[in-house]
Amino acid sequence: MDVMQAFWLGLTQGLTEFLPVSSSGHMVLLGKLFGIRNDMVTVSVLLHAGTLLAVIAVYWQRIWNMILHPLKSELLMLVAATVPAVIAALLFKDFFNQSFDGAFLGFSFLITTLILWLSDLVGGLAPKSTRVTWVSAVVMGIMQAVAILPGISRSGSTISGGVATGLSRKRSADFAFLMSIPAILGSIVLEGVKLLGGNVVEVIPDWTPVLIGMATALISSFLAIKLMLAIIRRVRLTWFGLYTGVLGVLVLLDQYVFHYIF
């Protein structure tokens, strides 16, 4: 992975992490396109460190309040929302790691489209609330577990889960972005243990591109969060679903017909 590839990977990671189009799916696509032979799971997790800092920068006041008042804030709900993804990651670790080869990518993008379209359909009927309930937290947590598969959008799935339980789209997005903190932090810790216990030089022979990618992911993630929060009440998720649907069809055509990338 050279510097320019790292820049584009970081930019894509940052912009697509908080837009409902699947950052992991786009990372797999770019990894295939660039012919990167590094462990893409490791590269993706390291770039996620940039997105983690962006979320903290946007929500630092709310995070600080949760630290000061853990029982009176949404901290326990965030923990509950994280549990399904932790269980799924532990039970199906090998499957999720293997999925980064892109075998299910086209179908996963189409699943994202279905989730986003159903969200708009259900969201138009459900009452709007700004209060996150335990039901909302658990449902959003289950959706986050499903979205570990590359191509299924984490932000899109969790926001859709919140909307389905009656939360407003803005409130769903807020909680979904906060949910990314323990999820990303956990993956970074696990990947860090893996790197320390193995041959770091073999997996990441040059850290300069990785650091550039992380910095790019940080800046682009910050802008993506601000953009998503600004448009979530005015732009239907269906439009994002249209994008992932077209992308899914193109990926399937390449996987089974053209074989330009796969």
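What you see is a predicted model.

I'll start with Gly-25. This glycine is in helix α2, which covers residues 23–34. Is Gly-25 buried or exposed? Its relative accessibility is 0%, so Gly-25 counts as buried. Leaving aside residues up to four places away in sequence, Gly-25 touches Leu-105, Phe-109, Pro-150 and Gly-151. For a sense of distance, take Glu-74, which is 49 residues from Gly-25 along the chain. The C-alpha atoms of Gly-25 and Glu-74 are separated by 30 Å.

Now the pockets. Rolling a probe the size of a water molecule over the atoms shows where empty space is left. The largest pocket holds about 980 Å³ of space. Its lining is made of 33 residues, and those nearest its centre are Val-45, Ala-89, Ile-148, Ala-183 and Ser-187. Which elements give two or more residues to that lining? They are α1 (3–17), α2, α3 (40–68), α4 (75–91), α5 (93–98), α8 (154–164) and α9 (169–197). Helix α9 has the largest share, with 8 residues. By residue type, the lining of the largest pocket divides into 15 nonpolar, 13 polar and 5 charged.

The second largest pocket has a volume of about 160 Å³. Among the residues lining this second pocket are Ile-63, Met-66, Leu-78, Leu-178 and Pro-182. Here the elements giving two or more residues are α3, α4 and α9. Again α9 gives the most, this time 4 residues. What kinds of residue line the second largest pocket? The count is 10 nonpolar, no polar and no charged.

Last, the aromatic rings. Searching the whole structure turns up 6 aromatic pairs. In one of them, Phe-7 and Trp-8 have ring centres 5.3 Å apart and planes at 75°, so this pair is edge-to-face. Phe-7 has 30% relative accessibility and so counts as partly exposed. Trp-8, at 42%, counts as partly exposed as well.

Another pair is Phe-18 with Phe-177. Their ring centres are 5.1 Å apart and their planes at 85°, so that pair is edge-to-face too. Phe-18 lies in the loop between α1 and α2, while Phe-177 lies in helix α9, so the pair ties together parts 159 residues apart in sequence. Both Phe-18 and Phe-177 are buried.

There is also a cluster, in which ring pairs link Phe-92, Phe-95, Phe-96 and Phe-104. That is where I'll stop.

Technical notes:
Residues are numbered from 1 along each chain as its sequence is written. This is a predicted model: local features need pLDDT of at least 70, side-chain atom pairs count only at pLDDT 80 or more; totals for chains, interfaces and linings use all residues. Side-chain values use heavy atoms; hydrogens and water are left out. Buried means under 20% relative accessible area, exposed over 50%, partly exposed in between (1.4 Å probe, protein chains only). Contact means heavy atoms within 4.5 Å. On a 1 Å grid over the protein atoms alone, a cavity is a set of points where a 1.4 Å probe fits but cannot get out, and a pocket is an open set with protein on both sides within 12 Å along at least five of seven lines; lining residues have an atom within 4 Å of a point. Grid points are joined across faces, edges and corners, and a volume is the space filled by probe spheres set on the points. Ala, Val, Leu, Ile, Met, Phe, Trp, Tyr, Cys and Pro count as nonpolar, Asp, Glu, Lys and Arg as charged, and the others, Gly among them, as polar. Rings of Phe, Tyr and Trp (its six-membered ring) pair if their centres lie within 6.5 Å; planes under 30 degrees apart count as stacked, over 60 as edge-to-face and the rest as tilted.
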